[in-house]
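I wanted to go through this model one feature at a time and note down what I looked up.

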Amino acid sequence: MHNVAIFPTDFPTMPSRSPLPQRLLLCATLAMAALLAGCDRSIDKQLAEHAAAETTLGVTPNEFAGRFNQKLPDALAGMRVDEPEHMANLYRLDPSRLHPGQYEYVLETKVGPAQTSMLGTLNKKGELRAVGVLLTDRSQAARDEFLICADSSARSFVSSNPEKLLPLITRLTSIALNNPGQRMTEVVANQLLSVEVVPQGLLFQVQPQQ
């Protein structure tokens with residue numbers, strides 16, 4: 001594998017700490033608000049209006065896993081990995097391992113030799129609102145794996161000019177690492193791709209353009 005040297009030795013540190021990135025906790029926050037609201041119909045109405053306005057990626061976690069696994073060989077080929085079809089077996093998502101996380105509407109799993117974290121938020125219908133890839137390890141292998149997973153995730157929802165996704169993700173990642181606290185974004189085929197430094201490491205996300 002040809003290494004992509006875009007990462008500094010250490011991740012920039014953030015001043016605050018939280019269990020998970022705030023954007024990945026939106027659904028959980030809404031669920032908690034609903035519990036606290038009780039019989040407050042005005043809050044119920046607000047939550048219902050917010051839920052109706054939410055956009056999704058239009059797939060369930062299992063459907064995303066199928067897309068992700070299908071795109072892996074192409075993502076690996078883009079990273080100039082030898083025998084991408086064979087190597088894809090190391091990074092495949094196992095649908096049976098997609099499980100609820102610490103919060104009700106968050107899914108999480110790990111893939112690859114470096115155990116890269118894959119995250120997802122769901123609406124109440126079980127459709128993904130966003131998928132994320134979280135880098136917490138500073139090793140070169142983990143950094144390469146992060147790019148593989150981010151590229152394959154993006155390819156799962158962007159079919160036009162997929163060969164341009166890895167250079168775009170690499171550029172957003174480099175800028176985000178040099179600007180901790182800022183979220184770097186780009187809209188591609190109605191999908192919002194973003195990279196940002198969070199307390200846990202480096203987070204890449206795909207979500208629908210609002």
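I began with the lining of the largest cavity, which by class holds nine nonpolar, three polar and one charged residues. I keep in mind throughout that this is a predicted model.

Next I looked up the cavity itself: I found one cavity of 30 Å³ or more in the structure, and the volume of the largest cavity comes to about 100 Å³. Its lining is made up of 13 residues, and those that lie nearest the centre are Phe64, Leu98, Leu107, Leu119 and Gly120. Asking which elements give two or more residues to this lining, I noted α3 (61-78), β2, β3 and β4 (128-135).

I then turned to two of these strands. β2 (residues 106-111) runs antiparallel to β3 (residues 116-122), and the two pair over six bridges; for Val106, I recorded Thr121 as the bridge partner in β3. The two strands form a hairpin with four residues between them, and in the turn I noted a positive phi of about 80 degrees for Gly112.

Last, I checked the core. The largest nonpolar core has 44 residues, and the members that touch the most others are Phe64, Met118, Leu193 and Phe204. For Met118, leaving aside residues up to four places away in sequence, I listed the residues it touches: Phe64, Phe68, Leu93, Leu107, Glu108, Thr109, Val111, Gly132, Val133, Cys149 and Ser153.

Technical notes:
Residues are numbered from 1 along each chain as its sequence is written. This is a predicted model: local features need pLDDT of at least 70, side-chain atom pairs count only at pLDDT 80 or more; totals for chains, interfaces and linings use all residues. Side-chain values use heavy atoms; hydrogens and water are left out. A nonpolar core is a set of buried Ala, Val, Leu, Ile, Met, Phe, Trp, Tyr and Cys residues joined through side-chain atoms within 4.5 Å. Buried means under 20% relative accessible area, exposed over 50%, partly exposed in between (1.4 Å probe, protein chains only). Contact means heavy atoms within 4.5 Å. Two strands pair if DSSP finds at least two bridges between them. On a 1 Å grid over the protein atoms alone, a cavity is a set of points where a 1.4 Å probe fits but cannot get out, and a pocket is an open set with protein on both sides within 12 Å along at least five of seven lines; lining residues have an atom within 4 Å of a point. Grid points are joined across faces, edges and corners, and a volume is the space filled by probe spheres set on the points. Ala, Val, Leu, Ile, Met, Phe, Trp, Tyr, Cys and Pro count as nonpolar, Asp, Glu, Lys and Arg as charged, and the others, Gly among them, as polar.
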